[in-house]
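Dear colleague,

I am passing on the structure we spoke about, together with some notes on what came out of going through it. Please have it open while you read.

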Amino acid sequence: PVTLACDLEPLQASTDKTIPIVLLITEAVTNAFKHAFPHGRRGRIEIRLERDGAIARLRITDDGIGLGAGDGAGARSGGHVAGPTAGLQLIDMLAKQIGGRLTIDGSAGTTVALDFEV
(Lines give C-alpha, C1' and ligand atoms only; values in the text may rest on other atoms or scores of the structure.)
Protein backbone atom coordinates (compact mmCIF):
# COMPACT_ATOMS: atom_id res chain seq x y z
CA PRO A 1 0.00 0.00 0.00
CA VAL A 2 3.02 2.36 0.10
CA THR A 3 4.52 3.75 -3.11
CA LEU A 4 8.20 4.65 -3.29
CA ALA A 5 9.14 7.25 -5.92
CA CYS A 6 12.64 8.46 -6.75
CA ASP A 7 13.68 11.55 -8.70
CA LEU A 8 17.46 11.61 -8.54
CA GLU A 9 19.68 13.93 -10.49
CA PRO A 10 23.00 12.31 -11.46
CA LEU A 11 25.65 13.37 -9.00
CA GLN A 12 29.28 12.46 -8.48
CA ALA A 13 30.60 12.52 -4.95
CA SER A 14 33.49 11.01 -3.07
CA THR A 15 33.10 7.73 -1.20
CA ASP A 16 33.48 9.74 2.03
CA LYS A 17 30.17 11.44 1.21
CA THR A 18 28.40 8.73 -0.77
CA ILE A 19 28.37 6.07 1.95
CA PRO A 20 26.90 8.33 4.68
CA ILE A 21 24.29 9.66 2.23
CA VAL A 22 23.18 6.15 1.25
CA LEU A 23 22.98 5.14 4.93
CA LEU A 24 20.97 8.28 5.74
CA ILE A 25 18.50 7.55 2.92
CA THR A 26 18.18 3.93 4.06
CA GLU A 27 17.47 4.96 7.65
CA ALA A 28 14.92 7.64 6.71
CA VAL A 29 13.05 5.36 4.29
CA THR A 30 13.09 2.47 6.76
CA ASN A 31 11.67 4.75 9.47
CA ALA A 32 8.90 5.89 7.11
CA PHE A 33 7.94 2.33 6.16
CA LYS A 34 7.94 1.24 9.82
CA HIS A 35 6.17 4.19 11.43
CA ALA A 36 4.44 6.56 8.99
CA PHE A 37 1.77 4.20 7.70
CA PRO A 38 0.24 2.25 10.60
CA HIS A 39 -2.54 -0.31 10.24
CA GLY A 40 -2.07 -0.78 6.50
CA ARG A 41 -2.53 2.91 5.71
CA ARG A 42 -1.75 3.77 2.09
CA GLY A 43 0.87 6.37 1.34
CA ARG A 44 3.82 7.62 -0.63
CA ILE A 45 7.51 8.05 0.10
CA GLU A 46 9.50 10.24 -2.26
CA ILE A 47 13.26 10.63 -2.55
CA ARG A 48 14.54 13.66 -4.50
CA LEU A 49 18.09 14.72 -5.19
CA GLU A 50 18.81 18.01 -6.95
CA ARG A 51 21.92 20.03 -7.52
CA ASP A 52 22.18 23.80 -7.43
CA GLY A 53 25.76 24.70 -8.27
CA ALA A 54 28.01 23.33 -5.53
CA ILE A 55 25.08 22.44 -3.26
CA ALA A 56 23.12 19.20 -3.47
CA ARG A 57 19.65 19.01 -1.96
CA LEU A 58 18.33 15.66 -0.78
CA ARG A 59 14.68 15.42 0.33
CA ILE A 60 13.00 12.30 1.69
CA THR A 61 9.30 12.93 2.22
CA ASP A 62 6.31 10.85 3.18
CA ASP A 63 2.62 11.63 3.44
CA GLY A 64 2.17 9.48 6.53
CA ILE A 65 0.89 10.34 9.98
CA GLY A 66 3.62 12.88 10.71
CA LEU A 67 5.83 13.13 13.73
CA GLY A 68 4.40 12.35 17.09
CA ALA A 69 0.92 11.57 15.84
CA GLY A 70 -0.81 10.11 18.85
CA ASP A 71 2.34 9.59 20.92
CA GLY A 72 3.23 13.04 22.24
CA ALA A 73 6.46 13.40 20.23
CA GLY A 74 7.72 16.83 19.34
CA ALA A 75 8.45 18.17 15.86
CA ARG A 76 12.12 17.32 16.29
CA SER A 77 11.55 13.57 16.15
CA GLY A 78 12.40 12.21 12.70
CA GLY A 79 11.58 8.61 13.49
CA HIS A 80 7.84 9.09 13.98
CA VAL A 81 8.20 8.12 17.64
CA ALA A 82 8.68 10.08 20.85
CA GLY A 83 12.14 11.17 21.94
CA PRO A 84 15.51 10.94 20.23
CA THR A 85 15.60 7.49 18.69
CA ALA A 86 18.67 5.60 17.58
CA GLY A 87 17.51 6.19 13.99
CA LEU A 88 17.35 9.96 14.51
CA GLN A 89 20.73 9.97 16.16
CA LEU A 90 22.16 8.02 13.22
CA ILE A 91 20.61 10.39 10.65
CA ASP A 92 22.00 13.39 12.54
CA MET A 93 25.46 11.81 12.85
CA LEU A 94 25.58 10.96 9.13
CA ALA A 95 24.58 14.51 8.16
CA LYS A 96 27.30 15.94 10.39
CA GLN A 97 29.84 13.47 8.98
CA ILE A 98 29.51 15.03 5.53
CA GLY A 99 29.21 18.60 6.81
CA GLY A 100 25.59 18.82 5.71
CA ARG A 101 22.70 20.88 7.01
CA LEU A 102 19.87 18.65 8.21
CA THR A 103 16.28 19.65 8.88
CA ILE A 104 13.38 17.42 9.82
CA ASP A 105 9.78 18.62 9.55
CA GLY A 106 6.94 16.45 10.74
CA SER A 107 4.03 18.86 10.50
CA ALA A 108 2.43 17.30 7.39
CA GLY A 109 3.82 13.82 6.91
CA THR A 110 7.57 13.92 7.41
CA THR A 111 10.38 15.54 5.44
CA VAL A 112 14.04 14.81 6.05
CA ALA A 113 16.06 17.44 4.19
CA LEU A 114 19.82 17.47 3.76
CA ASP A 115 21.83 20.14 1.95
CA PHE A 116 25.49 19.39 1.36
CA GLU A 117 28.43 20.55 -0.76
CA VAL A 118 29.56 18.48 -3.74
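Predicted model: local features only at pLDDT ≥ 70, side-chain atom pairs only at ≥ 80, totals over all residues.

Residues are numbered from 1 along each chain as its sequence is written, and side-chain values use heavy atoms, with hydrogens and water left out.

The chain has two helices and five strands, where helices (H or I, at least four residues) and strands (E, at least two) are DSSP runs numbered from the N terminus. Read from the N terminus, their order is β-α-β-β-α-β-β. Of the 118 residues, 37% count as buried; here buried means under 20% relative accessible area, exposed means over 50%, and partly exposed lies in between, with a 1.4 Å probe and protein chains only. Among contacts (heavy atoms within 4.5 Å) between residues at least 6 apart in sequence, 63% join residues at least 24 apart.

Leaving aside residues up to four places away in sequence, Phe116 touches Leu11, Ile21, Leu49, Ala54, Ile55, Ala56, Leu58, Ile98 and Gly100.

Strand 5 (residues 110–117) has six of its eight residues buried, so it is largely enclosed by the rest of the structure. It pairs in the antiparallel sense with strand 3 (residues 55–62) over eight bridges, two strands being paired if DSSP finds at least two bridges between them, and in this pairing Arg57 stands opposite Asp115. Strand 4 (residues 101–105) also pairs with strand 5 in the antiparallel sense, over five bridges, and the bridge partner of Thr103 in strand 5 is Ala113. The hairpin of strand 4 and strand 5 has four residues between the strands, and Gly109 takes a positive phi near 70° there. Ala108 lies in the loop between these two strands and counts as exposed because its relative accessibility is 67%; although Ala108 and Gly66 are 42 residues apart in sequence, their C-alpha atoms are 5.7 Å apart.

How many residues line the largest pocket, and which of them lie nearest its centre? There are 13 lining residues, of which Leu11, Ile21, Val22, Ile25 and Leu49 lie nearest the centre. A pocket is an open set of points on a 1 Å grid over the protein atoms alone, where a 1.4 Å probe fits, with protein on both sides within 12 Å along at least five of seven lines, and lining residues have an atom within 4 Å of a point. Its volume, the space filled by probe spheres set on the points, is about 180 Å³. Helix 1 gives the most to the lining, with four residues. Val22 lies in helix 1 and, at 44% relative accessibility, counts as partly exposed; its C-alpha is 9.5 Å from that of Leu94, 72 residues away in sequence.

With best wishes
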